[in-house]
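Here is a short briefing for a reader who is new to this structure. Take a look at the sequence and the model before reading on.

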Amino acid sequence: MMDLKNKAAICGVGASPQGRIEGSTAISLATEAFRRALDDCGLKKNDIDGLLTMPGTTSPEGVKHYLHLGEVLGINPRYTGSKFLGGGTAGVLIQEAAMAVATGMATHVACVFGDAAKSGNSRFAGAYGWGDSWGIWGMFSACANSAVSASRHMALYGTTSQQLGEAAAACRYHASLNPDAVMREPFTVAEHQASPWIVEPLHLLDCCLISDGGVCIIVTSAERARDLAKPVVPIRGMGQAHSTQMLELEDWWYVPHQKTAVDAAYKMAGVGPGDIDVAQLYDNFSMSILLWLEHAGFCERGEAGPFVEGGRIRLGGDLPVNTAGGNLSESYMEGWLHIVEGVRQLRGECGPRQVAGAETCLVTGRGMTLNCSNALILARD
Amino acid sequence: MNEYNKPLPAINDENRPFWDGCRAHRLMMQKCRHCSHIRYPIQAVCPECLSEEVDWIVLSGRGEVLSRMVFHRAYHPGFKEDIPYNVVLVQLDEGPRIFSNVVGVDNAAVQVGMEVAVVFDDVTPEVTIPRFTPRLASSQ
């Protein structure tokens with residue numbers, strides 16, 4: 001079997017302005033991000049021979065998104081396609097890009113996402129269920145899926161809403177140090193508790209933002225990356241695991257496949273939780289952070305509630321998490337900015353939110369109805 | 001009387017026995033004739049062994065609340081008058097799990113681990129929706 005450890009690297013990252021960007025479209029935001037990622041690494045448009053994209057909630061093209069974006073960008077790639085695994089897409093496309101680079105199918109792969117979800121009024125309020133819709137019983141929204149996890153975790157392990165508030169407040173504190181973040185006003189756990197219920201046991205401040213924005217991440221071989229403008233960030237390990245089944249799985253609410261994904265990434269990288277200096281953990285809702293902490297082995301099953309207390313996941317704590325603010329406070333780019341922040345931390349570009357001496361970063365992604373998960377271990381060269 | 005304006009099942013050949021069962025106040029699911037797996041959601045093949053051979057069996061309707069949510073937002077206009085309303089994930093005694101609602105008690109009384117039994121809500125002349133109610137100690 002081909003060893004993919006350190007074969008590919010992230011050489012360029014770019015993000016458009018985030019938040020409410022009047023007059024933007026999914027394509028215009030993706031285009032701006034692409035331009036910035038090229039500027040970041042010094043590549044020219046015509047160097048890009050791989051194009052992997054994720055359609056946004058406001059992208060009418062669906063799985064033909066790559067065709068439209070490619071035409072707009074004037075790219076005729078050797079390797080291309082679009083995938084949609086919700087918040088699990090970004091990491092999966094980076095892994096596909098790494099495989100394409102390692103096998104010689106492409107040299108420089110641009111992975112691109114854009115969405116005008118805020119100005120386009122996307123709601124993330126749908127009901128799931130391929131056969132009989134869960135909406136028959138009023139079971140709607142992405143929030144409710146995470147509420148399923150939170151309710152059971154609380155009942156089995158004594159996890160509290162205040163502990164979810166600690167995790168959300170840590171993300172907001174980090175966003176306050178990030179000039180590009182959308183929500184920068186810190187809040188306390190008491191303020192989290194006072195925010196309205198959305199779907200119990202989740203409050204408003206447990207929920208991610210809805211944002212306009214675009215992100216582009218360029219992957220090439222580690223060798224090639226050393227010739228480019230910025231410090232090389234090799235992809236040391238990667239893994240993914242998906243549970244398409246939901247109600248059929250007794251532990252679906254706990255998303256145990258996330259552990260499979262992280263363990264695969266650890267194994268490829270030859271590292272474990274003790275080697276991780278900083279983590280970017282997918283956070284569509286605060287509960288997701290707690291589950292990742294358990295699945296990534298930073299604490300035992302059921303112990304993530306107490307783990308996040310006392311500032312442990314804040315800058316200066318044992319394990320800084322979501323140092324740019326995450327989906328909860330930086331911008332809801334469905335996890336794409338988690339990878340960008342991982343790269344920037346390892347390059348040492350993060351100013352007041354820089355984790356001193358960060359050498360190894362875990363980045364995770366999770367999407368759809370608790371279905372799709374992936375993990376990347378990024379490291380300094 | 002208000003017209004029922006919440007989502008209704010799209011009844012077809014695949015799910016008709018389930019919804020016909022509900023109308024007759026029986027909770028019915030598919031049991032694989034090949035491997036005996038009782039499955040939900042309703043689908044044409046057994047996800048364990050891929051057999052299409054199936055018997056529709058009547059379940060006890062008994063189960064336990066695995067997760068409990070209370071909605072404070074109406075994501076669908078039909079639920080506007082109902083908020084706050086509960087949704088529960090129910091572990092049925094025979095194995096399958098299903099989302100539903102606990103009726104007949106305050107939301108605050110609905111808890112994870114609560115033992116429940118199915119009840120049937122005739123919401124339209126054509127459709128009856130299975131919901132659950134707490135099981136009293138005396139009825140166990």
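The points below cover chain B, its contact with chain A, and a helix pair in chain A.

This is a predicted model. Chain B has one helix and eight strands. Its contact with chain A takes 30 residues from chain A and 32 residues from chain B. Within chain A, helices α5(A) and α9(A) pack at an angle of about 95 degrees.

**Chain B: order and overall form**

- Along the principal axes, the C-alpha atoms of chain B fill a box of roughly 45 × 35 × 25 Å.

**Chain B: burial and contacts**

- Of its 140 residues, 30% count as buried.
- Take the contacts in chain B between residues at least 6 apart in sequence: 49% of them join residues at least 24 apart.

**Where chain A touches chain B**

- On each side, the contact draws on 30 residues of chain A and 32 residues of chain B.
- Two elements of chain A give two or more residues to its side: α4 (142-157) and β5 (197-200).
- The most comes from α4(A), with six residues.
- By class, the side of chain A that touches chain B has 18 nonpolar, eight polar and four charged residues.

**Strand pairing across the two chains**

- Strand β5(A) is joined by two bridges to strand β4 of chain B, residues 62-71.
- These two strands run antiparallel.
- A:Val199 has B:Phe71, in β4(B), as its bridge partner.

**A helix pair in chain A**

- Helix α5 of chain A spans residues 161-176, and helix α9 of chain A spans residues 286-295.
- Their axes are 8 Å apart, and the packing angle is about 95 degrees.
- An angle of 65 to 115 degrees counts as roughly perpendicular, so α5(A) is roughly perpendicular to α9(A).
- From α5(A), the residues that meet α9(A) are A:Leu164, A:Ala167 and A:Ala168.
- In α9(A), their counterparts are A:Ser286, A:Met287, A:Ile289 and A:Leu290.
- The residues of this helix contact divide into six nonpolar, one polar and no charged.

Notes. Residues numbered from 1 in each chain as written. Chains lettered and ligands numbered in written order. Predicted model: local features only at pLDDT ≥ 70, side-chain atom pairs only at ≥ 80, totals over all residues. Helix = DSSP H or I, 4+ residues; strand = E, 2+ residues; numbered from the N terminus. Buried ≥ 20, exposed ≤ 12 C-beta atoms within 10 Å, placed from the backbone. Contact = placed C-beta atoms within 7 Å. Nonpolar A, V, L, I, M, F, W, Y, C, P; charged D, E, K, R; others polar. Pairing = 2+ DSSP bridges. Axes fitted to C-alpha atoms, helices over the stretch in contact; angles between N-to-C directions. Parallel < 35°, antiparallel > 145°, perpendicular 65-115°, else oblique.
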